[in-house]
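I opened my notebook to get to know a new chain. Here is what I looked up, step by step.

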Amino acid sequence: MTETLFRQDAYLSACEAHVIDVDPRRGIILDKTCFYATSGGQPGDIGFLEREDGSKIEISDTIHGETKDIILHIVADGSALPEKGEKLVLHIDWQRRYKLMRMHTACHLLSVICPFPITGARVGEDESRIDFDMSETVDKVETTKQMMNLVKENHTIFNQWITEAELDANPTLVKSKNVRPPRGLGDIRLVCIGEDSAIDSQPCGGTHVAETQEVGDIHIGKIEKKGRENRRFRIRFGKIPN
């Protein structure tokens, strides 16, 4: 099992770890990591692992292994593989990670403005998308305005942990229509926005900023009709174009 440091501290950009094993798919398994593994629509981290001699092992992706408690750091072509037991210093691509954190939080803000079941989502560095099970038409300019109001109000964002039984007792916490939080890993993490979760609270294993103002300027670039009762919202950085 890999200790997932990012679940407690999304701002941890580097850490020390030891190699547990090297998977045949060129994935390095460590005893702990600050690298986020692809899950819940958020892509895995990239970066490098620094060896004691100063050389670098480039990491092109981070994914889960056969189970959620195994994280594979995928080695880029041409990079060497470490030895079992070797001590490494992990460095994530922080600039990319921070953009993903801001974007992922923006997705949660949109789900507050549009309280419909989520049928799909993808967090990107420059554009993210969320699909909602909805048939009505909404205005992208007004939706952007409401999202930016939440950003500017600078609500705090924090984690709260509940048991699987508590989640079962509060099924409305889950906004996704097709995906349920993974079970069997212990307590489930809620990402909460606002004092006493006044703005939002939902299960999520992704990385987020600590305050909504960190999201910065965002806007709805496009709303697409993907079926009779499905709308795809595309979130982009920057102010809405004139």
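**The chain as a whole**

I began with burial, keeping in mind that this is a predicted model: 45% of the 242 residues of the chain count as buried.

Next I looked at the secondary structure, which comes to 3 helices and 15 strands. The radius of gyration is 19 Å, close to the 18 Å that the globule rule gives for 242 residues, so the chain is as compact as a globular protein of that length. I also noted the box that the C-alpha atoms fill, roughly 55 × 45 × 35 Å along the principal axes.

Then I turned to contacts. Taking those between residues at least 6 apart in sequence, I found that 64% join residues at least 24 apart.

**A visit to helix α2**

Which residues of α2 are buried? I listed T143, T144, M147, M148, L150 and V151. They cover an arc of only 155° around the axis, which means they sit on the same side of α2. Their packing partners are α1 (94-113), β14 (218-225) and β15 (231-237). On the face turned away from this buried side, I found the exposed residues K145 and K152.

I checked the length of α2 too: its 13 residues (140-152) should span 18 Å at 1.5 Å a residue, and the end C-alpha atoms are 18 Å apart, which agrees.

Last, I looked at the two ends. D139 caps the N-terminal end of α2, with a side-chain oxygen 3.1 Å from the backbone nitrogen of V141. Just after α2, N154 takes a positive phi of about 55°.

Notes. Residues are numbered from 1 along each chain as its sequence is written. This is a predicted model: local features need pLDDT of at least 70, side-chain atom pairs count only at pLDDT 80 or more; totals for chains, interfaces and linings use all residues. Side-chain values use heavy atoms; hydrogens and water are left out. Helices (H or I, at least four residues) and strands (E, at least two) are DSSP runs, numbered from the N terminus. The expected span of a helix is 1.5 Å times one less than its number of residues. Buried means under 20% relative accessible area, exposed over 50%, partly exposed in between (1.4 Å probe, protein chains only). The arc is that of the directions from the helix axis to the C-beta atoms. Contact means heavy atoms within 4.5 Å. A polar contact is a pair of N or O atoms within 3.5 Å; within protein, one must be able to donate a hydrogen and the other to accept it, and residues adjacent in sequence count only if both atoms are side-chain atoms. The radius of gyration is taken over C-alpha atoms; the globule rule is 2.2 Å times the number of residues to the power 0.38.
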